[in-house]
Amino acid sequence: MGSLVQKSALLLCGDYMEAYETLVPLYILQSFGVSVHCVSPNRNSGDRCVMAAHDFTGLELYTELVVDQLTLTASFDDVTPDNYDAIIIPGGRFTEILSADERCVDLVARFAELKKLIFTSCHSQVMLMAAGALAGGVKCTAFESMKPLIEFSGGEWWQQPGIQNMFEITDCVKDGNVVSMVGWPTLGHGVRVLLESLGGQVSSLKENQASVLFLIGDYVEDYGINVPFRALQALGCKVDAVTPNKKKGEMCATLVYDLEEARQLPAEKRGHNFLVTACWDDVCVDDYDCVVVPGGRSPELLVMNPKAVALVKKFDEKDKVFAAIGQGKLLLAATGVLKGKRCASGKGMKVMVKVAGGEAVVSKGCVTDGKLVTAASASDLPAFLSGLSTALGVSVMF
């Protein structure tokens, strides 16, 4: 994005780390040119860590669902804290093991000593405790079960006032070089703080904030909705997610694609639930600059719904920006938006793009053709976020 200074971050990983809290900051930082190394103790570059989704499924406590894996990009033994501007530690059970690993504790302590940014979420604040980084009354928040431990460690517990449940929380806390969040519902604000703490300046070519509407339904691809939704929040955009048959406050199920060895296709696994943020009947096309259709199986549901097809056609008549990931192009194909356009496409979408009059481009990354921004799959999200933010006139400069 034309940044003058190269920034770098270290992402500390482990098995059963929270997928959302891992990929949202990872992909957003990568999309704006920040170099991120993913490491885990006793593992090397190319090894993988299992990720999990943590969400409430009607029981008293959250449920852990194993989703997919993240490939590490550097070896733990090669890490030199002085070479990074920040360390990011997602939530998840892996932090319990890492908090007892002297090498990991020393790593976090070194970042604290150097006054470099330490970004934590949910349960990973245990690493701050182990490293003594909360001593002296450092203000900190976390999943509420962590409150007594934070206070025992010399930290000052903070909780957003007036909150009835976790999904209402929007704020994170920054005290000196320590940023802490309750969990993934606060990632929009949290990543904004992360970008600014790294020296990022968010700017827009528009006088008013850009506004984006996501069209979703049950079994929308988890990262395809969650990552760009939180990224655009972090960039100061107004974002809404709607579906024809559900009201504001209701949940859509998501899925994650996990490509296991010796399989022709990735396995579908249940991901996080996603909260619908507006009612379908309240949507006014003139209130939005762009419509985004994530992948997954929800586009099949939308393309069979006349209201969804009609809404996309209204956006087309108003010459708005369109964006789609993976199977999300199905809805755009049905409404004629792809005709004469170049589209990023995986093998499974090539025929669909062709019969809709488009040109399928098999490319890792993002393809922009006029006001159409497409990506082949969720693995292309860094390039997709970069292309979409450019189309919206939003940038981050370091």
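Buried here means under 20% relative accessible area, exposed over 50%, and partly exposed in between, with a 1.4 Å probe and protein chains only. This is a predicted model, with local features needing pLDDT of at least 70 and side-chain atom pairs 80 or more, while totals for chains, interfaces and linings use all residues. Numbering runs from 1 along each chain as its sequence is written, and side-chain values use heavy atoms, leaving out hydrogens and water.

**View 1. K115, a positive phi out in the open.** Most residues other than glycine have a negative phi. Look for K115 in the loop between α3 (102-113) and β7 (117-121); helices (H or I, at least four residues) and strands (E, at least two) are DSSP runs numbered from the N terminus. With 66% relative accessibility, K115 counts as exposed.

**View 2. C122, a positive phi that is buried.** C122 isn't a glycine either, yet its phi is near 65°. C122 sits in the loop between β7 and α4 (126-130). Its relative accessible area is 11%, so C122 is buried.

**View 3. The largest cavity.** A cavity is a set of points on a 1 Å grid over the protein atoms alone where a 1.4 Å probe fits but cannot get out, and lining residues have an atom within 4 Å of a point. The count is one cavity of 30 Å³ or more, and the largest holds about 30 Å³ of space. Its lining is S31, F32, A231, L232, L235, L385, L388 and S389.

Terms used. On a 1 Å grid over the protein atoms alone, a cavity is a set of points where a 1.4 Å probe fits but cannot get out, and a pocket is an open set with protein on both sides within 12 Å along at least five of seven lines; lining residues have an atom within 4 Å of a point. Grid points are joined across faces, edges and corners, and a volume is the space filled by probe spheres set on the points.
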